[in-house]
Amino acid sequence: MISFVGAGPGDPDLITVKGLRRLRAAEVLIHDRLVAPELLEEARHDAQVIDVGKAPGRHGMGQGGINALLVERAARDRRVVRLKGGDPTLFGRLAEEIRAVRAAGLRFEVVPGVTAGCAAASRTGISLTERGQSSVAVFATATDHSGETALDLDWDLLARVRGTVVCYMTVRNLDTIAAILIAHGRDPSEPAVVVERAARADERVVPGSLGTIAGVARAAAVESPAVLIVGPTVRAATVSLVGLPALAGVGG
Ligand code: SAH
């Protein structure tokens with residue numbers, strides 16, 4: 001039995017009760033780089049804990065290797081937990097792992113988690129939808145598997161969404177993404193925010209507009225992991241939330 005478990009965005013308290021139960025029962029724990037280290041301490045002392053994450057500049061195991069490892073450990077009747085950052089169903093290559101597990105005839109379940117985009121929204125008091133303003137929220141990544149800006153994305157659609165666009169894996173391509181959205185007709189004065197390391201102790205919030213956000217984020221030296229949120233409801237972002245650190249923006 002394999003449980004794909006969402007670890008949440010970084011605050012160890014943001015895993016679900018069910019996810020934590022699975023984690024504590026695991027005989028084999030296979031995790032990504034972006035999961036909270038505190039969560040790994042919840043594993044049994046005799047559990048095998050395997051890091052398959054890719055650190056920048058270091059090659060991870062590769063997707064094929066991860067798939068093979070999952071199947072191999074679960075086939076030995078071990079209780080396997082595959083712990084993934086945020087929610088497993090978003091930008092986490094869950095489909096590929098599930099295909100491998102299915103092909104091997106193994107049973108699996110998916111335990112959801114708090115995705116980075118939702119964590120970033122809650123930390124800044126942004127409602128991703130709002131009656132009369134935003135009836136759509138889109139989770140997008142504009143970055144393809146090679147790390148480049150995905151030019152085959154339906155940019156027209158993203159630009160036309162009358163609602164909120166949440167962009168993952170954006171830091172490197174923020175300039176391009178903002179420029180393309182504007183070129184496709186999104187208003188450069190629309191409010192935007194970048195949230196770096198949302199829900200972690202060292203979280204930073206960088207506000208701006210679609211037109212300024214890339215420059216502001218660069219000036220603040222924003223690094224991965226971060227999400228970009230663009231949309232009319234971002235205007236409501238508040239800095240008065242309990243525990244929210246000072247805004248990192250410069251002139252946003
Ligand atoms: N499955 C994950 C996403 C994995 S893709 C989820 O649901 O959140 C990795 C991307 O997620 C990063 O490049 C970044 O855009 C985003 N991300 C992950 N953790 C984050 C965090 N704590 N704060 C901001 N963005 C985060």
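The protein has 8 helices and 10 strands, taken as DSSP runs numbered from the N terminus (helices: H or I, at least four residues; strands: E, at least two). This is a predicted model, in which local features need pLDDT of at least 70 and side-chain atom pairs count only at pLDDT 80 or more, while totals for chains, interfaces and linings use all residues. Residues are numbered from 1 along each chain as its sequence is written, and side-chain values use heavy atoms, with hydrogens and water left out.

**Overall shape and packing**
- For 252 residues, a compact globule would have a radius of gyration near 18 Å, and the protein agrees with its 19 Å; the radius is taken over C-alpha atoms, and the globule rule is 2.2 Å times the number of residues to the power 0.38.
- Along the principal axes, the C-alpha atoms fill a box of roughly 55 × 40 × 40 Å.
- Buried residues make up 46% of the 252 (buried is under 20% relative accessible area, exposed over 50%, partly exposed in between; 1.4 Å probe, protein chains only).
- Among contacts with a separation of 6 or more, 68% come from residues 24 or more positions apart, where contact means heavy atoms within 4.5 Å.

**Nonpolar cores**
- The largest nonpolar core holds 27 residues, of which Trp155, Leu158, Ile177, Leu181, Val194, Val222 and Leu228 touch the most other members; such a core is a set of buried Ala, Val, Leu, Ile, Met, Phe, Trp, Tyr and Cys residues joined through side-chain atoms within 4.5 Å.
- At least two residues of this core come from each of several elements, including strand 6 (137–141), helix 6 (155–160) and strand 8 (191–196).
- Helix 7 gives the most, with 5 residues.
- Beyond its neighbours within four places in sequence, Trp155 is in contact with Ala142, Thr149, Ala150, Ile177, Ile180, Leu181 and His184.
- A second, separate core has 16 residues, among them Val28, Leu69, Leu70 and Ile98.

**Surface**
- The accessible surface comes to about 12,200 Å², with 53% belonging to carbon and sulfur atoms (Shrake-Rupley method with a 1.4 Å probe; for residues, only the protein chains shown count as cover).
- Phe91 sits in the loop between strand 4 (80–84) and helix 4 (94–103), and Phe91 is partly exposed, with a relative accessible area of 35%.

**Around Glu223**
- Glu223 lies in the loop between helix 8 and strand 10.
- Not counting residues up to four places away in sequence, Glu223 touches Val171 and Glu196.
- Glu223 and Gly8 are 215 residues apart along the chain, and their C-alpha atoms are separated by 19 Å.
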